[in-house]
Amino acid sequence: AARARFEHGLAMARENEHPLRMADALTSLGRVYRILGEYSTAQSHLENALQVYQDHGCSTWETDVRCTLAENAISQGDLTTARFHLQAASNLLETSENIWLQTLVCYFRGLLAHYEGDAVAAMTLLDETTALAREGQYKSDLARSLVALGRVKRTLGQLLPASELLVEGLDLFRALGHKLGMAEAMEELGAVSAVQGDGVQAAMLFSTAHALREGMGAPLPPVDRAAYDSVLAACRAQLGETAFAEAWAHAAARPFQEVVEEVLKRFPCTQ
């Protein structure tokens, strides 16, 4: 549905010969195609958007496209390309006082640091991103920053702080009606539950997140596949195949809203 609407907007912008609206539609389509897992198509749309902004001297919004190109590269595990685009975005920000764009660049630099294995840098950058997003009241950016920071803390074994961050992010995503964000938060909470030895809770969370992704047509990014499969294998080993399958099927049959409410009641947000 989102793709159809943005494609209609792109057609209208072309018909009206409005290049900046065309670039905006191209950027939005690039995001949609990345979520759909169609990374080469996303790349093409984003490169076209970048060219339009460059041709019209709109360096401010070129920053946004660079970050989206970095996100597309990170999703595929291409960290070198992501680093290139984020460096370009950082260079463009030197002449901009746009706080939202600063938040955007800081977030993706933190995300990249996480995937590069630099947890200290990732925590520093994502802490800064969270502060910027709170100050600017950028709720969607705050929610994903909280989830990303929770992921970093989980990998460091800081399970209680991780849970608190993830639940706050989940609560924000719920309020925004952001299904993909809720899926990502539940996947991370599932990983926390798995580490804590609660295989049933982990299976419930992973199953609900999987159903949300299936419904949206938003597959897990390749960069996360190995870690995801490893956690699921650990849950299966802990519960046994039959019990795991039962827990998975039971959660899949429930409305996702019900599971989210249950999680929020079990781990009340402290913020």
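Close-up 1. Thr-27 counts as buried, its relative accessibility being 2%, in a structure that is a predicted model. The residue belongs to helix H2, which covers residues 19-35. When residues up to four places away in sequence are set aside, Thr-27 touches Leu-46, Ala-49 and Tyr-53, and also Asp-64, Val-65 and Thr-68.

**Close-up 2. The nonpolar cores and the contacts of Met-182.** The largest nonpolar core holds 54 residues, and those with the most contacts inside it are Leu-170, Met-182 and Met-186. Helix H6 (residues 99-115) supplies the largest share of this core, namely nine residues. Once neighbours within four places in sequence are left aside, Met-182 is in contact with Leu-170, Phe-173, Arg-174 and Gly-177, as well as with Leu-212, Phe-256 and Val-260. Another core, of 17 residues, lies apart from the largest one and includes Met-22, Ala-49, Leu-50 and Val-52; Ala-49 is also one of the residues that Thr-27 touches.

**Close-up 3. The aromatic pair of Phe-206 and Tyr-228.** The count of aromatic pairs comes to four. One of them joins Phe-206 and Tyr-228 in an edge-to-face arrangement, with 5.5 Å from centre to centre and 85° between the planes, where an angle over 60 degrees is what qualifies as edge-to-face. Because Phe-206 lies in helix H11 (residues 199-216) and Tyr-228 in helix H12 (residues 222-239), the pair ties together parts that are 22 residues apart in sequence. Both partners are covered: Phe-206 is buried at 2% relative accessibility, and Tyr-228 is buried with a relative accessible area of 12%.

**Close-up 4. The aromatic pair of Phe-244 and Trp-248.** The rings of Phe-244 and Trp-248 form a tilted aromatic pair, 5.7 Å from centre to centre with 35° between the planes. The two residues are four places apart in helix H13 (residues 241-252), so about one helical turn separates Phe-244 from Trp-248. In an α-helix there are 3.6 residues a turn, and therefore residues three or four places apart point the same way. Phe-244 is buried, with a relative accessible area of 2%.

**Close-up 5. Helix H8 and the glycine just after it.** Helix H8 (residues 139-155) has 17 residues, which at 1.5 Å a residue should span 24 Å, and the 25 Å between its end C-alpha atoms agrees with that expectation. The helix is mostly covered, since 13 of the 17 residues of H8 are buried, that is, under 20% relative accessible area. Just after H8, Gly-157 takes a positive phi of about 85°.

Note on methods:
Residues numbered from 1 in each chain as written. Predicted model: local features only at pLDDT ≥ 70, side-chain atom pairs only at ≥ 80, totals over all residues. Heavy atoms only, no water. Phe/Tyr/Trp six-rings, centres within 6.5 Å; stacked < 30°, edge-to-face > 60°. Buried < 20%, exposed > 50% of the residue type's maximum accessible area, 1.4 Å probe, protein only. Contact = heavy atoms within 4.5 Å. Expected span 1.5 Å × (residues − 1). Core = buried A, V, L, I, M, F, W, Y, C linked by side-chain atoms within 4.5 Å.
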